[in-house]
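Please look over this model with me. My notes follow as numbered points.

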Amino acid sequence: MQALDPQHFTERSPLYRKHAGACFGQLGDSAIVTSYGGDETAQAERCGLLDLTNLARVGFRGAEAAAWLERCGFSLPSAPNRVVTQADGSHVARLSQTEYLLLGSLTDAGKRVARAEADWTFGTSAVYLLPRQDSHAWLLLTGAHVAEVMAKLCGVDLRAEAFARGAVAQTSAARINVMVLNTGSCALPGFHILCDRASASYLWDALLDAMAEFGGKPVGMDALA
């Protein structure tokens, strides 16, 4: 990817001013931080924070939502508050008996999830679209210290023994409502964190403050390569 200025795009993350000095690359019709410099792979493994707000995400709700998503080729969680990572790297979280949240993959720049939103039409039987692109910001906290970082901000126990891979918590962190999805691996623990878009800057700063004890820093998508 070539270096880009996010201000050249009509779609920008609410956090783009926080990324001064970073290198940006194109992600669909928007820009994403590719690197802040240095060994970002090692940083992500220790304690890193990514801004994924420009990656596609969408929600669906309704009695027929599960069947419709399965026809679209998605594998679904068997119970609420669970998330399943798809073969292409996207994620499907089940937030209640009939509500689902889809998070796009960096592998295809979120195209599969964006296509699912585009394929939905008004009047689809008992399936209701829940747009999430403009309502929620999306951060990814990575590294060996994810649970310790969140323990400073959230009252829910997010340690591995209580919050295993595939778990979802709908809770509060730093006194705002968040969704936390554990999609990490043994090699790279990671929590996807979604909050109200208007609170993105506040939560970004709160997480960085909590990460400081562990040498945490922002990283770009190249850290996940």
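1. Over residues 21-224 the chain is 21% helix and 32% strand. The end C-alpha atoms of that stretch are 19 Å apart. Helices (H or I, at least four residues) and strands (E, at least two) are DSSP runs, numbered from the N terminus. The model is predicted, so to speak of local features pLDDT of at least 70 is needed, and side-chain atom pairs count only at pLDDT 80 or more, while totals for chains, interfaces and linings use all residues. Residues are numbered from 1 along each chain as its sequence is written, and side-chain values use heavy atoms, without hydrogens and water.

2. The UniProt record, an unreviewed entry, annotates residues 21-224 as "domain: GCVT N-terminal". Its positions follow the numbering used here, feature names are shortened, and annotations may be inferred rather than shown by experiment.

3. There are two aromatic pairs (Phe, Tyr or six-membered Trp rings with centres within 6.5 Å; planes under 30 degrees apart are stacked, over 60 edge-to-face, the rest tilted). The F60 and W68 ring centres lie 4.9 Å apart with planes at 50°, so this pair is tilted. Both F60 and W68 are buried (under 20% relative accessible area; exposed is over 50%, partly exposed in between; 1.4 Å probe, protein chains only).

4. F163 and F191 form an edge-to-face pair, because their planes stand at 85°, with centres 5.5 Å apart. The pair links distant parts of the chain, 28 residues apart. F163 is in the loop between α4 (146-151) and β10 (168-173), and F191 is in strand β12 (residues 190-196). F163 is buried at 5% relative accessibility. F191 is buried at 3%.

5. The charged end of R112 sits over the F74 ring, 4.0 Å from its centre (CZ of Arg or NZ of Lys within 6 Å of the ring centre and within 35 degrees of the ring normal).
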